[in-house]
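Student: I'd like to learn how to read pockets and surface patches in a model. Can you walk me through it?

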Amino acid sequence: MQFLQSINWATPTWDLFILIFFIVGAFLYGFSLGRDRVIVILVSIYMALAVINTAPYLNVLSGKDISINFGPNFAFKVTLFLGVFVALFFLLSRSALSRALGSDSTGSWWQVILFSFLHTGLLISVILSFLPTQAAENLLPVTQKIFISDLAKFLWITTPIAAMILFKGRSEE
């Protein structure tokens, strides 16, 4: 409630855009894809994050002069992450993983909402984790606490895994 009162609707901040993306992504995006495709997206996010975090010579490839007001590597890392994520999603959606999940299944409505919520939160947390410390400090404390604190990053990484384990069975259609 305090967050909603702190919003200046005349001059929206990045926090407002993050909130809108989170709400729209969690509901509309999830229902349009269905549970199993969202799970494939979650797996794609984990793989892309692993690739970006372990890629050697990332600083050399990005060049020290590339800067979009957030630091030298932010734009490059986000672009590379999103590119790897999209490529992995398309490759995995045509793979044995998709067939094992039965990509025709949309899942029950509550599973779709849950996995969409977790997917969107994880994606926001990963992208915001690429921000330099100075830029992240400009976000509202509630946004920092929900998406980029150490506990938040840990929870956004582990909660989707726990949900996939708990709800591994076929959903009621």
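Predicted model: local features only at pLDDT ≥ 70, side-chain atom pairs only at ≥ 80, totals over all residues.

Student: Is phenylalanine 27 buried, partly exposed or exposed?

Tutor: Phenylalanine 27 has 41% relative accessibility, so it counts as partly exposed.

Student: Which residues make up the nonpolar surface patch?

Tutor: Phe27 is one of them, along with Ile20, Ile23, Val24, Leu28, Phe31, Trp109 and Trp110. The patch they make covers about 840 Å².

Student: Which helix gives the most to that nonpolar patch?

Tutor: That's H2, with 6 residues. H2 and H7 each bring at least two residues to the patch.

Student: OK, on to pockets. What's the general idea?

Tutor: You roll a probe the size of a water molecule over the atoms, and that shows where empty space is left. Here, the largest pocket comes out at a volume of about 450 Å³.

Student: How many residues line the largest pocket, and which lie nearest its centre?

Tutor: The lining has 18 residues, and Trp14, Ile18, Phe74, Ile127 and Leu128 are the ones nearest the centre. Helices H2 (14-33), H5 (74-93) and H7 (109-129) are the elements that give two or more residues to this lining. H2 gives the most here too, with 5 residues.

Student: How do the lining residues divide into nonpolar, polar and charged?

Tutor: For the largest pocket, you get 15 nonpolar, 2 polar and 1 charged.

Definitions and conventions
Residues numbered from 1 in each chain as written. Heavy atoms only, no water. 1 Å grid on protein atoms, 1.4 Å probe; cavity = no way out; pocket = protein on both sides within 12 Å on 5 of 7 lines; lining within 4 Å. Points joined across faces, edges and corners; volume = space filled by probe spheres on them. Helix = DSSP H or I, 4+ residues; strand = E, 2+ residues; numbered from the N terminus. Nonpolar A, V, L, I, M, F, W, Y, C, P; charged D, E, K, R; others polar. Patch = residues over 30% accessible without salt bridge, like charges linked within 9 Å, V, L, I, M, F, W, Y side chains within 5 Å. Areas by Shrake-Rupley, 256 points an atom, 1.4 Å probe, with all protein chains shown as cover. Salt bridge = Lys/Arg side-chain N within 4 Å of Asp/Glu carboxyl O. Buried < 20%, exposed > 50% of the residue type's maximum accessible area, 1.4 Å probe, protein only.
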